[in-house]
Amino acid sequence: MALQLLQVDAFTNKPFGGNPAAVCFLEQPADEEWMQHAAAEMNLSETAFLVPEDDDSYGLRWFTPATEVDLCGHATLASAHALWETGRLAPESDARFRTKSGLLVCRRSGDAIEMDFPSTPVREAPPPKGLVEALGAEPAFVGVSRFDVFCELDSEQTVRALAPDHRGLKDVGVRGVIVTAASSGDPYDFVSRFFAPGSGIDEDPVTGSAHCALAPYWAAKLGKMEMLGFQASPRGGEVGMRFSGTRVTLVGRAVTTLKGELLV
């Protein structure tokens, strides 16, 4: 049996930018071990697996090449884009996903996609052992969110120039490490990068779920509820945000770069 599979670049309006995700359409739930092997075969930061539910929603699970994750923004964006592009959903219909982080809803807004995600606020915490040495920079602030360690650095230039020790970061023992700083100029409010060697990804190109922590943090610092962030990976990508306390609306675009079949 062949399964339809798309590769979608998320948080970009141009091919070969943003963060690529594979989206695999299943007819029924698949074995977890098989999904992990398939994600390793795709060798992208995330592969999304979609299963239709009885209430017109879709079951959605996300796998890195090494592990399953509880929340992923760019592969959710890619999944919604893929549902509309393949005609599984009408253009005016919302994309509703049942996930390990609850119900996630995506809707079209012009050429962009808006995603309703849970906020994951940051609380101040001591730096985990080995973090500062592995980063190669002294954070101005260290905290933790639901999933990750969070570090504010002194400048955008420091964030962009960072060349961390990925083996050292893996030993920190968390899903990922968010680094961020205020933007040095328009149009962005802040810049960030995301390192997740503990999840099998040295650096993630654009990380939607990290912005569920970045949005409340910078909203408090900047006194703004609407922001635009830039994730300064080599591929790079823009993430729009609207913060409303317990929820964050993430806004981005997506481009399909590959269509094929997974033979199983």
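Start by selecting Arg88 and Phe25: Arg88 lies over the face of Phe25, 3.7 Å from the ring centre. Keep in mind that this is a predicted model.

Next, look at rings that meet other rings. A pair of aromatic rings is described by the distance of the centres and the angle of the planes. Searching the whole structure gives 8 aromatic pairs. One of them is Phe141 with Tyr217, a tilted pair with 5.2 Å from centre to centre and 40 degrees between the planes. Colour strand β10 (residues 141-144), which holds Phe141, and helix α6 (residues 211-222), which holds Tyr217; the pair links distant parts of the chain, 76 residues apart.

Are these two side chains buried or exposed? Phe141 has 18% relative accessibility, so Phe141 counts as buried. Tyr217 also counts as buried, because its relative accessibility is 12%.

Phe150 lies in strand β11 (residues 149-152) and Tyr217 in helix α6, so the pair ties together parts that are 67 residues apart in sequence. Phe150 counts as buried because its relative accessibility is 0%.

For the last stop, select Phe141, Phe150, Phe190, Tyr217 and Trp218 together: these residues form one aromatic cluster.

Conventions
Residues are numbered from 1 along each chain as its sequence is written. This is a predicted model: local features need pLDDT of at least 70, side-chain atom pairs count only at pLDDT 80 or more; totals for chains, interfaces and linings use all residues. Side-chain values use heavy atoms; hydrogens and water are left out. Rings of Phe, Tyr and Trp (its six-membered ring) pair if their centres lie within 6.5 Å; planes under 30 degrees apart count as stacked, over 60 as edge-to-face and the rest as tilted. Helices (H or I, at least four residues) and strands (E, at least two) are DSSP runs, numbered from the N terminus. Buried means under 20% relative accessible area, exposed over 50%, partly exposed in between (1.4 Å probe, protein chains only). A charge sits over a ring if NZ of Lys or CZ of Arg is within 6 Å of the ring centre and within 35 degrees of the ring normal.
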